[in-house]
Amino acid sequence: MKIAVCVSHVPDTAAKISIGPDGKNIDPDGVTFVVNPYDEFAIEEALKTREKSGGEVIILSVGSDANKESIRKALAMGADSAVLLKDDSWRDSVAVAGALADEIKNIGAELVFFGKQSVDYDNSIVGQLTAEILGFNCVSVVVSLDINDGKIRAEREIEGGKEVVETSLPAVITAQKGLNEPRYASLKGIMAAKKKTIEEKPAATYENLSEVTEMKRPQVKQPGKIIGTDASAVPELVRLLKEEAKVI
Amino acid sequence: MKFKTDNSEIQDFLNDASNFKGTCEGVYFPQNEADIIEILKDANRKNLQVTVSGNGTGLNGGRVPEGGIVISTNNLNRVIEINEEQKYAVVETGVLLSEFHTMIEQKGLFYPPDPTEQNCFLGATVANNSSGAKSFKYGPTRDYVEELDVILPTGDKFTIKRGEISADGFVLKLTTDSGDDIVIQLPRYRMPDTKNSAGYYCKAGMDAIDLFIGSEGTLGIITRVKLKLIDKPENILSCVVFFSDENDALNFIAGAVDLSVNNDDSPDQINALGLEYFDKYSLRFMKEEYPQIPAHAGAAVWFEQEINDYTEEILLDKWVELLSEHNADIETAWIATNDKDREKFKDFRHAVSSKVTEYITREGIRKIGTDTAVPKDQFPEYYNFITKLVEENNIKYIVYGHAGDSHLHLNMMPVNQNEYDLARNIYHRLCEKAVEMKGTVSAEHGIGKLKRNYLKLMYSDENLKAMAKVKRTLDPNLILNIGNIIDPEILKEV
Ligand SMILES: Cc1cc2nc3c(=O)[nH]c(=O)nc-3n(C[C@H](O)[C@H](O)[C@H](O)COP(=O)(O)OP(=O)(O)OC[C@H]3O[C@@H](n4cnc5c(N)ncnc54)[C@H](O)[C@@H]3O)c2cc1C
């Protein structure tokens, strides 16, 4: 079975982000980019599936040459091969999903893993869109997965609990934290990854259905106020909560 | 200037990471040098004990007050200058090391000292001459201090630049900023040839700045530091490798140390930045949090080396060859592919220390941990000696640390008072053995208030008195950081 993992290359969540001069993009200067953290769970699950039932793990990524760094990491973790769907210009979620769907069809993958969301734009929809375009089943935000004879049993996180879903291949699974503990890239893997070439081809053309018109920083939080440090401050605190914050 | 006395507001200043607890009358929060001068002058008049505090991560009770008042350095936290061209930074003492690292690296520069605990103040790392994994290649904090502003215990200010004042033999003449001359007679002991932070740095003809670095706040309060920076390495190879047999791991380290120290700066030959060791018990401690640790692992080594696009493949091959020679498990070895992964390995190293602390807190027991180092050629014998002694006495322990510098932390976790007493005796024996091998009782944590007895194993009464005289010359009324390094009884005698 061919298993595809779609990987995005995103700013490290610890990076200090500032908005670029065009007001529509972030300023990439001094920002380190990493594999989208949720995609690491997706890669790990694909590798575990291959270890259990055999198959081949193929990494797909839409973007520029910079994405190769994250692709290399996925290969060093143990993926078999990779395709970079090249496009240097900005794409919205629909245009990304379209390019991925074309390539998934092209390679004939039956099982596709995504992270549940990419932490750059946080749209949480590329996996679902891709499934829709392909006509695949889709289970999102998965925290536990069992695949047997083409039958899938997945637990997904829902508000306040878990939902158990049964479906069948072909399918798209989007991974949530807790699904597994991603392995580190291994020395053996990195030596092997050095010898693998990343296949490059232009990403299929799909029209963006949305555009970023402006990027703004969130409002700065008001600094906290220390009213006192012992019990004598309680009456004043109660008054402020009532009259100023109006929460009690 | 704020002075706090309320128990809830000062209790954070009454202990450090050693869990040694003290008392004080209150804590001052000076905003600048003038405030500190005022406090010290006043304390001299009133004969009041003063303890200077960093961020409280010390492991020897150094910042823990035994009465008197505390000076917090929390508000002296400005980065004054980062000079990218001439590669230096000027900072106030209370700047956090972790934040400093990030700030410097964003400018493409690098500050090598990397103690495992990064949540400490820069001035405190100078006062302790802190070191870390990468000190194997880059050296300890001392090597990066170019200038210091110190407020002497008397309240006089003293600014000192490296290369400006050297001792004439063992006599050091200093002139304070207000023009007073101070003549210091230095002790004449020979310091161990290992990484060392036990007692004052003393050598014939030494640079005066070196006396203050590592003096644990006994000779003055550091307010401002000029630190040397280097270029940020293009890239760093970082690996955690597992071995079934701990002897293989130790031999691999010995091999890598030899290649590294004999490297004549060839970028495509093995030259480790650091070589950190974890024994099987350390790995067992970590297994729950790190399920990626392979089941068969009997020891692990974390190593790093500077690389670039050209040397990466060559060096990977060389390391794999060396690892294979020593039966390392190449299949399971972890490798970092970016800065974020590298941070994860650093966290892994830090997690060993914090897991121990968590465990002892949960079990309600006290730990006893060594900080000894010995010369390189004595290391295998020392390692066998320490592990054998603890095993024979059936005390639960783990051992890990800066093996590249022949410097390990053996942590004993005795479960009852009997075992605790036994562990203390063993600790004493381990320190004695290190000194017999011409090593040190403290390679990085310092002496503080908790390890004074062990300093006595290294230096004679005469030398300890000579140290006390240095202290008395600079602190005639004995008010600042009393109890650190030197026994207060000896201080009174001289
Ligand atoms: C988990 C863990 C790991 C550690 N790993 C390492 C390691 O790898 N290497 C290492 O070297 N240390 C290590 N340490 C010890 C500790 O982090 C260092 O000694 C550090 O330098 C202490 O900094 P601090 O700001 O917390 O100082 P504090 O603990 O507050 O003070 C330490 C000493 O410095 C004095 N001091 C503080 N500020 C000044 C000043 N401005 N002028 C004069 N004296 C001053 C204090 O009086 C005290 O004696 C570790 C500690 C922990 C808890």
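For sorting residues by class, Ala, Val, Leu, Ile, Met, Phe, Trp, Tyr, Cys and Pro count as nonpolar, Asp, Glu, Lys and Arg as charged, and the others, Gly among them, as polar. The structure is a predicted model, in which local features need pLDDT of at least 70 and side-chain atom pairs count only at pLDDT 80 or more, while totals for chains, interfaces and linings use all residues. Residues are numbered from 1 along each chain as its sequence is written, and chains are lettered from A and ligands numbered from 1 in the order in which they are written.

Helices (H or I, at least four residues) and strands (E, at least two) are DSSP runs, numbered from the N terminus.

Where they meet, 9 residues of domain 1 of chain B are in contact with 17 residues of domain 2 of chain B; contact here means C-beta atoms, placed from the backbone, within 7 Å. The domain 1 side of that meeting place has 2 nonpolar, 3 polar and 4 charged residues.

On to chain A, which has 6 helices and 11 strands. Its C-alpha atoms fill a box of roughly 70 × 45 × 40 Å along the principal axes. Of the 248 residues in chain A, 37% are buried, that is, 20 or more other C-beta atoms lie within 10 Å of their own, with C-beta atoms placed from the backbone. Looking at contacts in chain A between residues at least 6 apart in sequence, 71% join residues at least 24 apart.

Finally, the two chains touch: 19 residues of chain A are in contact with 21 residues of chain B. On the chain A side, helix 2 (68-77) and helix 5 (187-195) each supply at least two residues, and helix 5 of chain A gives the most, with 5. By class, this side of chain A divides into 7 nonpolar, 4 polar and 8 charged residues.

Key:
A residue is buried if 20 or more other C-beta atoms lie within 10 Å of its own, exposed if 12 or fewer, and partly exposed in between; C-beta atoms are placed from the backbone.
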